[in-house]
Amino acid sequence: MNNKRIIIFDVAGRHPALHSIVCGIVDGFRALDEDVYYCDCKNIDHLCSVQDFLNKGEVKFCLGLYGMGMEWNIEGEDRFFICDKYDIPHVSVMLDLPYNRCATGYDIKCEKHIITVLDYTAIDYLKYAYPDKSDRVLFLPLAGMAAEGKYDIFSADKKYDVSYVACPWMYNWYREGSKRPWHNNGTNKYITAILDDVADYLETNTENVWSALKLVLREKGFEGDGYLRQMMPFCWDLLLYIKTWRRIKGVEMLVKNDVRVDVFGSGWEIVPFADKLSLHGDISYGETLQVYAQSKILFQDAGEFNHGANDRTFNAMLNGAVLVTEYSKYLDDNFVNGQDLFMYDWKNGEKQVEVIHELLNDDCRRLAMAVNAYGKADKNHRWKNRVQQILLALNLLYDIELK
């Protein structure tokens with residue numbers, strides 16, 4: 001039946017960024033003329049409509065962020081998982097790496113469950129952490145969206161020269177004198193030594209936690225899977241440390257190069273160079289898109305996606321901001337460094353970010369880069385591109401009909 005609809009689950013109001021991404025996904029499917037039903041999981045009328053569609057066999061598949069919509073707990077009915085009751089696929093669009101404890105839904109038991117990941121290395125991690133899901137993983141970086149409203153995104157005169165949009169993340173360790181978390185939580189000295197070696201490697205190489213951990217273990221002669229499985233629980237501590245370290249280190253590199261930067265996100269008042277920053281505090285997801293549209297340059301770390309990308313990357317491009325970003329193999333494969341964007345690393349970053357001054361002093365060069373990046377992002381990195389991948393995966397795995 002070609003008239004079957006796609007159910008997109010959301011929890012409106014749960015988190016403004018999540019809701020905006022869901023809306024982008026809905027728009028992506030509709031751009032491909034798919035019949036989409038948006039379901040707010042807090043709206044009982046929405047849930048009753050979905051249940052009616054399911055009972056009539058009118059659902060092609062379901063999709064939600066982090067497994068949203070898979071578990072139903074309606075008052076007066078027994079709690080159940082939708083995939084146990086109805087033989088339909090469910091797609092979980094994940095927004096972070098699987099060893100980030102804030103990212104849930106990987107462990108949900110569902111026979112027809114596709115999990116998306118933003119980084120190629122997460123596919124390898126899932127083989128160890130969730131082997132039953134490893135053959136139904138789809139590499140899918142988040143897509144970009146344009147700001148609502150009228151903005152001259154290729155203007156030579158923008159409100160912000162250089163913007164940075166992110167909090168310092170889990171910065172409690174920074175308050176405690178920049179100590180690495182495993183030094184204070186009872187981790188034994190042998191594992192602590194391994195974790196320190198991984199952290200040292202991450203501070204000087206543009207790599208993510210999982211890949212760095214595997215490399216360090218291999219260098220020490222620990223080749224078997226058993227060693228990896230023993231160290232997997234420490235990926236979270238490593239992520240807490242390095243993601244925060246890189247964000248603070250990256251902004252500090254700008255300050256050392258006398259780059260005036262407008263910082264959006266809470267928590268930056270704790271850093272010793274806070275007085276050198278223009279602090280704006282937290283803003284909504286929609287407001288971040290407006291910031292990109294009003295920025296000449298967006299500076300970012302890779303967010304641990306050194307073999308992938310997040311939405312911030314393509315949001316910047318689709319809003320006319322030149323991207324200066326930590327190195328990612330995926331970005332290197334899909335864009336031209338120096339023509340579409342600029343990438344830095346942790347060994348040479350303080351020297352490499354000097355290019356920002358050159359871009360700010362050369363509008364023609366900066367605007368040419370912004371136009372180049374926009375063209376590629378507009379063609380390949382919108383939500384209609386990503387959902388097309390989802391549809392193809394469903395067709396290959398479960399013979400879902402495509403329009």
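Biologist: Where does Y66 lie?

Modeller: Y66 sits in the loop between β3 (59-65) and β4 (71-72). Those labels come from DSSP runs, numbered from the N terminus: a helix is H or I over at least four residues, and a strand is E over at least two. This is a predicted model, where local features need pLDDT of at least 70 and side-chain atom pairs count only at pLDDT 80 or more, while totals for chains, interfaces and linings use all residues. Residues are numbered from 1 along each chain as its sequence is written, and side-chain values use heavy atoms, with hydrogens and water left out.

Biologist: What makes Y66 count as buried?

Modeller: Buried means under 20% relative accessible area, exposed means over 50%, and partly exposed is in between (1.4 Å probe, protein chains only). Y66 has 13%, so it is buried. Its phi is near 55 degrees, a positive value in a residue other than glycine.

Biologist: And why is E304 called buried?

Modeller: Its relative accessible area is 3%, so E304 falls under the cut-off and is buried. E304 is in the loop between β12 (295-300) and α11 (311-318). Its phi is positive too, at about 80 degrees, although E304 is not a glycine.

Biologist: What makes D258 exposed?

Modeller: D258 has a relative accessible area of 68%, therefore it passes the exposed cut-off. You will find D258 in the loop between α9 and β10 (262-264). Its C-alpha atom is 61 Å from that of D52, 206 residues away along the chain.

Biologist: Why is P131 called exposed?

Modeller: At 52% relative accessible area, P131 is over the limit and so is exposed. P131 belongs to the loop between α4 and β8 (137-139).

Biologist: Which residues of helix α7 are buried?

Modeller: In α7 (residues 209-219), they are V209, W210, S211, A212, L213, V216 and L217. They pack against α4 (121-129), α6 (189-202), α8 (225-231) and α9. Just after α7, G221 takes a positive phi of about 90 degrees.

Biologist: What makes a set of residues a nonpolar core?

Modeller: The members must be buried Ala, Val, Leu, Ile, Met, Phe, Trp, Tyr or Cys, joined through side-chain atoms within 4.5 Å. The largest one here has 146 residues, and I25, F29 and F299 touch the most other members. Helix α9 (residues 235-256) gives the most to this core, with 13 residues.

Biologist: What is F29 in contact with, leaving aside its neighbours within four places in sequence?

Modeller: Contact means heavy atoms within 4.5 Å. By that rule, the partners of F29 include I6, I8, E34, V36, F61, L63, V387, I390 and L391.

Biologist: How do you know that the radius of gyration agrees with a compact globule?

Modeller: The radius is taken over C-alpha atoms, and the globule rule is 2.2 Å times the number of residues to the power 0.38. For 403 residues this gives a value near 22 Å, and the protein chain has 22 Å, so the two agree. The C-alpha atoms fill a box of roughly 65 × 55 × 35 Å along the principal axes.

Biologist: How many of the residues count as buried, as a percentage?

Modeller: Of the 403 residues of the protein chain, 57% do. As for its secondary structure, the chain has 16 helices and 14 strands.
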